[in-house]
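Have the sequence and the 3D view ready as you read.

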Amino acid sequence: MPKKRKIRADFRKNREKPARVRDWTQQFAEHGFETSDPEQRERVSGKGDISRRRTVIGSEISTDDDGTFGVEIDVDESRCLSGRVLSAHGLFNVVLGADGLQYQCAVRRVLKTLATDERHVVVAGDVVLFQPIEGTEPREGVIERVQPRYGTLSRSSRGRKHVILANVDQLLIVGSAAEPRLKPNLIDRFLVSAEKSGIRPIICINKVDLVDRAALMPLVGVYSQMGYRVLLLSATDGIGIERLRGVVGGGECAVAGQSGVGKSSLLNALDPELQLKVSAVSEDSQKGKHTTTAARLVPLRSGGFVVDTPGIRPFELWDVIPEEVAGYFRDVRPFVSHCRFPNCTHTHETDCAVKDAVADDLIDARRYESYCGMVAGETRSEEHT
Ligand code: GDP
Ligand code: ZN
């Protein structure tokens with residue numbers, strides 16, 4: 001359980017001018033968090049200037065698995081339903097309530113005020129408390145609280161972390177054995193993202209119907225030795241689909257991989273009722289067009305969700321700095337403490353235990369190249385698509 005401490009924070013209640021993040025930061029700087037009576041909820045106070053202020057009582061909590069601190073607003077839970085955000089688009093968040101019904105939810109103003117970046121207020125996968133609005137059709141509600149997140153996938157844009165998906169247990173890293181050709185370096189990159197997020201990666205190699213499976217074994221061996229689960233699949237021929245179903249049943253899954261590898265086809269094979277759109281590889285569907293990058297949770301008939309990430313391109317998940325990369329390479333990590341220089345990058349230094357391990361075949365040479373590419377910040381354009 002995260003450390004919990006009761007706090008009180010003041011917010012301007014001024015309808016003409018929207019509250020801005022700056023107000024909050026400024027007030028925090030001036031007053032900090034005050035300790036208060038946990039019995040108090042929310043009140044609008046007396047007169048004059050002060051009446052424009054609303055005091056919200058909440059708790060300071062760790063809101064994210066990286067230990068970022070935020071505020072949990074106290075809400076009247078008896079009037080709220082718990083729910084899961086299926087998709088988040090600012091004002092129109094689709095929430096699946098604990099009652100099994102879907103609600104279009106807005107976000108309570110004060111939550112937006114608290115966010116350091118408005119785009120993060122609510123993301124797909126969030127567990128929320130929301131208040132249904134009676135008599136609305138389609139059903140509407142207001143999100144009152146976002147529960148602490150775990151297993152978040154983020155990208156960084158202009159140096160800021162941008163969470164795009166929350167509460168994910170597993171990342172299905174999908175590549176195809178052919179058409180498009182297998183790109184192990186891309187798998188490695190997703191592995192680093194998953195390791196960083198604490199999400200269990202599952203390597204899925206689809207379209208094995210197009211190749212001699214024996215040729216894939218060396219690669220499968222390298223990943224299996226590191227303790228990663230590798231599935232050889234064919235969405236069209238049904239190969240490995242039962243095993244995939246078993247894996248997907250083990251926790252909520254986000255699906256990543258370049259377009260055309262068969263992500264939608266695999267999900268449709270898992271649950272034919274999904275009927276996700278499958279596009280021909282040659283069809284240039286992603287490039288140029290401004291497709292939505294919003295992730296969407298898709299409920300499965302068998303229970304749980306998979307996350308459909310239509311427009312999220314591989315490199316958008318990249319939120320890792322070069323110094324961190326070795327720590328997220330399971331095969332490189334055991335050697336780094338034996339290097340001569342504590343700040344060794346394992347690329348050009350002498351007496352590097354990692355390079356020695358590559359020379360001794362203890363680390364796969366292709367994996368090492370992949371590591372070097374990531375440290376150098378390499379982004380080959382063909383991998384963007
Ligand atoms: P996505 O972009 O990753 O969602 O890929 P799609 O599911 O849209 O599939 C892209 C193309 O690959 C379609 O033409 C599918 O019919 C084809 N495809 C998908 N899975 C397989 C497979 O297992 N084997 C073969 N041969 N083709 C497949
Ligand atoms: Zn080294």
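**Around the ligand**

Start at Ala235, where a backbone N or O atom lies 2.8 Å from an oxygen atom of ligand 1. That is a polar contact, meaning a pair of N or O atoms within 3.5 Å; within protein, one must be able to donate a hydrogen and the other to accept it, and residues adjacent in sequence count only if both atoms are side-chain atoms. Gly262 also brings a backbone N or O atom to 3.0 Å from an oxygen atom of the ligand, and a polar backbone atom of Val261 is 3.4 Å from a ligand oxygen. On its own, ligand 1 exposes 580 Å², and the protein buries 84% of that (areas come from the Shrake-Rupley method with a 1.4 Å probe; for residues, only the protein chains shown count as cover).

Before going on, note that this is a predicted model, in which local features need pLDDT of at least 70 and side-chain atom pairs count only at pLDDT 80 or more, while totals for chains, interfaces and linings use all residues. Residues are numbered from 1 along each chain as its sequence is written, chains are lettered from A and ligands numbered from 1 in the order in which they are written, and side-chain values use heavy atoms, with hydrogens and water left out.

Which residues are closest to ligand 1? Of the 19 that surround it (a heavy atom within 4 Å), they are Asp209, Ala235, Lys263, Ser264 and Ser265. Helix α6 (residues 263–270) gives the largest share of this shell, three residues. Helices here are DSSP runs (H or I, at least four residues), as are strands (E, at least two), numbered from the N terminus.

**Pairs of opposite charge**

Side chains of opposite charge can pair when their charged atoms come close. The whole structure holds twelve salt bridges (a side-chain nitrogen of Lys or Arg within 4 Å of a carboxyl oxygen of Asp or Glu). In one of them, Arg84 meets Glu252, with the closest N and O atoms 2.2 Å apart. This pair links distant parts of the chain, since Arg84 is in strand β5 and Glu252 in the loop between α5 and β15, 168 residues apart. Arg84 is buried at 11% relative accessible area, and Glu252 is buried at 17% (buried is under 20%, exposed over 50%, partly exposed in between, with a 1.4 Å probe and protein chains only).

Another bridge joins Arg367 and Asp188, 2.7 Å apart at their closest N and O atoms.
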